[in-house]
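Have a look at the model first, then read on.

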Amino acid sequence: MSSQHHTHITAHHSLFDLNLREVWKYRDLILLFTKRSFVVTYKQTILGPAWIFLNPLISSMVYAFVFGGIAGISTDGIPQMLFYLCSNAIWIYFSSSLTKNASVFVNNAGVFGKVYFPRLTMPISHVLESVIQFGVQMILVLLFMTYYLIKGAVAPNWLSWLLIPLVLLHLGILSLGCGIIISSLTTKYRDLSIVVTFGIQLWMYATPIVYPLSQLSDGFMKNVLMINPVTAPVELFRYAVLGQGTVSWFSYALSWGITVVVMLVGIMIFNHVEKTFMDTV
């Protein structure tokens, strides 16, 4: 006898209900969305996926010239290009995930309005796409690291690279939570979509991306930066990759606490807006 499967679609569920079992059933769709988003991003560009390399490379060259050359900001003994490439890799991963998820409702309203599938699959696919871009950019980091290893300019602790997946998971959850909060509110308040790009730029300078945290003296400014939930993961990532970084486990635990709160609030708002967003988008 063949077993029959039934899918019960309802708008009545808890505000904190993630329904991960259903999301897992649609894992093939997540991979399809990931592939589609990656292809569409570079479909009508001259250089195509080469931009994954060029974007951090050009940015790192600019940072090395402005912050390392003109401003004379130290990079804790790490070669400037390697320091900025490493920082750019983790920041682009976080910021691209956040940016794409910040407009997931508005940009995909046509798809959401035609067929049912767990809405959370779309934001998750954006995070996975950013993971792929991060992996490609790390190839560039490894190339420069090999060069500086030959010169004896760096001495990374390879065992600490095992911490990288933890950092990716951490920032992936944080970007997912922030993204779906902004996306849910953008369905009603379109002004937020304009603020996001500007806000992410400000967030970058409030995070030790173009400077190491060790360059700040103890005081109010450093305490503010330590509250920033992206600061601790970025420093931990640089420590894992380069063997240099200011790792504060208290700040890292605080960052995880903020991340969990942001994710819970995001799920609550997401589940609330999901029921009616097609009427306002």
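Helices α7 and α8 cross in a right-handed sense, where right-handed means the near helix is turned clockwise from the far one by less than a right angle, and left-handed means anticlockwise. Their axes come within 10 Å and cross at roughly 140°, with axes being lines fitted to C-alpha atoms, for helices over the stretch in contact, and angles running from 0 to 180 degrees between N-to-C directions. α7 and α8 are therefore oblique to each other; angles under 35 degrees count as roughly parallel, over 145 as roughly antiparallel, 65 to 115 as roughly perpendicular and the rest as oblique. On the α7 side the contact uses Pro123, Ile124, Val127 and Phe134, and on the α8 side Ile164, Leu168, Gly172, Ser175, Leu176 and Ile180. Contact here means heavy atoms within 4.5 Å. Sorted by class, that gives eight nonpolar residues, two polar and no charged. For the classes, Ala, Val, Leu, Ile, Met, Phe, Trp, Tyr, Cys and Pro are nonpolar, Asp, Glu, Lys and Arg are charged, and the others, Gly among them, are polar.

A word on the ground rules: this is a predicted model, in which local features need pLDDT of at least 70 and side-chain atom pairs count only at pLDDT 80 or more, while totals for chains, interfaces and linings use all residues. Residues are numbered from 1 along each chain as its sequence is written, and side-chain values use heavy atoms, with hydrogens and water left out.

Zooming out, the protein has 13 helices and zero strands. Helices (H or I, at least four residues) and strands (E, at least two) are DSSP runs, numbered from the N terminus. Of the 281 residues, 46% are buried, with buried meaning under 20% relative accessible area, exposed over 50% and partly exposed in between (1.4 Å probe, protein chains only). Take the contacts between residues at least 6 apart in sequence: 79% of them join residues at least 24 apart.

| Pair | Axis distance | Angle | Residue classes in the contact |
|---|---|---|---|
| α7 and α8 | within 10 Å | roughly 140° | eight nonpolar, two polar, no charged |
| α7 and α11 | within 12 Å | roughly 45° | seven nonpolar, no polar, no charged |
| α3 and α4 | 9 Å | about 125° | 10 nonpolar, seven polar, no charged |

Now for the second pair. Helix α7 (residues 121–151) and helix α11 (residues 231–242) have axes that cross at roughly 45°, and that makes α7 oblique to α11. The crossing is right-handed. Phe134, Met138, Val141 and Met145 come from α7, meeting Phe237, Val241 and Leu242 of α11.

Which residues have the most contacts inside the largest nonpolar core? They are Ile90, Phe134, Phe237 and Val241, in a core of 69 residues. Its largest share, 12 residues, comes from helix α4 (residues 80–101). A nonpolar core is a set of buried Ala, Val, Leu, Ile, Met, Phe, Trp, Tyr and Cys residues joined through side-chain atoms within 4.5 Å. Setting aside residues up to four places away in sequence, Val241 touches Cys86, Met138, Val141, Met145, Pro156, Trp161 and Ile164.

Beyond its neighbours within four places, Met145 contacts Leu82, Val154, Pro156, Trp158, Trp161, Val241 and Leu242. Phe144, also in helix α7, counts as partly exposed at 22% relative accessibility. Phe144 is in contact with Leu57, Met81, Leu82 and Leu85, leaving aside neighbours within four places. Phe144 and Leu82 are 62 residues apart in sequence, yet 6.3 Å apart in space, C-alpha to C-alpha.

In the loop between α3 and α4 sits Asp76, with a positive phi of about 60° although it is not a glycine. At 25% relative accessibility, Asp76 counts as partly exposed.

One more loop residue: Thr207 lies between α9 (191–205) and α10 (220–227) and is buried at 0% relative accessibility. Not counting residues up to four places away, Thr207 touches Trp91, Asn228, Val230, Thr231 and Val234.
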